[in-house]
Amino acid sequence: METRELRYFVAVAEELHFGRAAQRLAMAQPPLSRAIQQLERRLGVVLLHRSARAVSLTEAGSVLLREARVALAAVEAAERRTRRAAAERPGVVLATKAGAAGELLSKLLDAYAAEPGAVAVEVVLCGPGEQEGLLRDGRADVALLQRPFDTTAGLDTEELHAEQQVVVLPAGHPLADRPQVSMAEVTALPDLPLPRWPRRGGGYGDGPGPQVRDHTQLFQLIALGRACAVVPESLRTHLRDDHATVPVADAPTVTTVIAWPPHSRSKAVADLVRTATRL
């Protein structure tokens, strides 16, 4: 299969309309239809159910859509990494969630800069869950991820730091003097719902909690008495006097890892990872 055919198919599969897909691809509809038919003949399967009113995916089409997205993302990642490797002044792009592992990141950058042969490190601060995508599609060479929030499947990783989680409450809340609380107690708070973060595919999940995009917004809502949140204890450094924290006994441990693509042969990435694990 050619990448051109995969791009054609993904457009049709996502739009479920040949006309809209043709517009999206800036091409005429007849050659697009012929290309999809040719792809089906070559694979020996039906990818799309077509009728006068609708287009829908077959089971085989659903599989190819999932696999085609992965394949196209890998091609784009290869293009980005190749161009970056050929840059006049090579460097490393490190992606991390804004506000996460701040002290660790600062120490890592200082220690790596002191290494012989260190290259420039561009730090990209991301929203929740974004750094993983940047690493997988080639916009970043290495990333700091946090399990269980981020998925590391298919990536090489080294564990750097493990920490417990705390619930952040408005100062003066009745639970603030407790030595610890449970997740059941946190989720049962009637006037302080947990926040709703953006989903990877866009949009927000259902629930009574406020929609938030970053920790600055979240912590302000908590101070106003509109929400609570369970976060890694290292985020305490970002809190003000109008917040209180209590350890959550049964919340999962958060593990910060440094991650990179398994096929990477970059000496700069290897040196950065080595520095991180030494720290």
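Ala-85 lies in helix H4. At a relative accessibility of 61%, above the 50% cut-off, Ala-85 counts as exposed. Along the chain, Ala-85 is 176 residues apart from Pro-261, and their C-alpha atoms are separated by 15 Å. These values, like those that follow, come from a predicted model.

The secondary structure of the protein chain comprises 9 helices and 10 strands. Taken along the principal axes, the box filled by the C-alpha atoms is roughly 70 × 55 × 25 Å. The protein chain has 279 residues, of which 39% count as buried. Among contacts in the protein chain with a separation of 6 or more, 65% are between residues 24 or more positions apart.

Two packed helices are described by the angle between their axes and the distance between the axes. Helix H1 spans residues 3-15 and helix H4 residues 59-85; their axes come within 9 Å and cross at roughly 130°. H1 and H4 are therefore oblique to each other, and their crossing is left-handed. On the H1 side, the contact is made by Thr-3, Leu-6, Arg-7, Phe-9, Val-10, Ala-13 and Glu-14. H4 contributes Gly-61, Leu-64, Leu-65, Ala-68, Arg-69, Ala-71, Leu-72 and Val-75. Sorted by class, the residues in the contact of H1 with H4 are 10 nonpolar, 2 polar and 3 charged.

H1 also packs with helix H3 (residues 29-43), at an angle of about 110° and with the axes 10 Å apart. This angle makes H1 roughly perpendicular to H3. In this contact, Glu-5, Tyr-8, Phe-9 and Val-12 of H1 meet Leu-32, Ala-35, Ile-36, Gln-38, Leu-39 and Arg-42 of H3. The class counts for the contact of H1 with H3 are 7 nonpolar, 1 polar and 2 charged residues. Phe-9 is listed in the contact of H1 with H4 and also in the contact of H1 with H3.

An open sheet is formed by 5 strands in the order E4-E3-E5-E10-E6, with mixed pairing. E4 and strand E6 (156-163) each have a single partner strand and stand at the edges, so one side of each is left without a neighbour in the sheet. On average, and with direction ignored, neighbouring strands of this sheet are turned by 25° against each other. Within the sheet, strand E5 (residues 142-147) pairs with strand E10 (residues 254-260) in the antiparallel sense, over 5 bridges. Leu-144 has Ile-258 in E10 as its bridge partner. Helix H9 (residues 267-278) lies across strand E3 (91-97), E5, E6 and E10, and runs at about 160° to E10.

A further open sheet consists of 3 strands in the order E8-E7-E9, with antiparallel pairing. Its edge strands, E8 (229-232) and E9 (243-247), each pair on one side only. The twist from one strand to the next averages 40°. Strand E7 (residues 165-170) is joined to E9 by 5 bridges in the antiparallel sense, and Leu-169 has Ala-244 in E9 as its bridge partner. Helix H8 (residues 215-223) lies across E7, E8 and E9 and runs at about 50° to E7.

Several residues in loops were examined individually. Gly-127 is located in the loop between strand E4 (120-126) and helix H6 (130-136). With a relative accessible area of 16%, under the 20% cut-off, Gly-127 is buried. Gly-127 is 30 residues apart from Lys-97 in sequence, and the C-alpha to C-alpha separation of the two is 5.7 Å.

Most residues other than glycine have a negative phi, and most peptide bonds are trans. Leu-16, which is not a glycine, has a positive phi of about 50°. Leu-16 lies in the loop between H1 and helix H2 (18-25), and its relative accessibility of 35% places it in the partly exposed class. Ala-26 also has a positive phi, near 60°, and is located in the loop between H2 and H3. Ala-26 counts as exposed, at 71% relative accessibility. A cis peptide bond with omega of about 10° joins Arg-147 and Pro-148. Pro-148 lies in the loop between E5 and E6.

Technical notes
Residues numbered from 1 in each chain as written. Predicted model: local features only at pLDDT ≥ 70, side-chain atom pairs only at ≥ 80, totals over all residues. Heavy atoms only, no water. Pairing = 2+ DSSP bridges. Helix = DSSP H or I, 4+ residues; strand = E, 2+ residues; numbered from the N terminus. Axes fitted to C-alpha atoms, helices over the stretch in contact; angles between N-to-C directions. Contact = heavy atoms within 4.5 Å. Parallel < 35°, antiparallel > 145°, perpendicular 65-115°, else oblique. Left-handed = near helix turned anticlockwise from the far one by under 90°. Nonpolar A, V, L, I, M, F, W, Y, C, P; charged D, E, K, R; others polar. Buried < 20%, exposed > 50% of the residue type's maximum accessible area, 1.4 Å probe, protein only.
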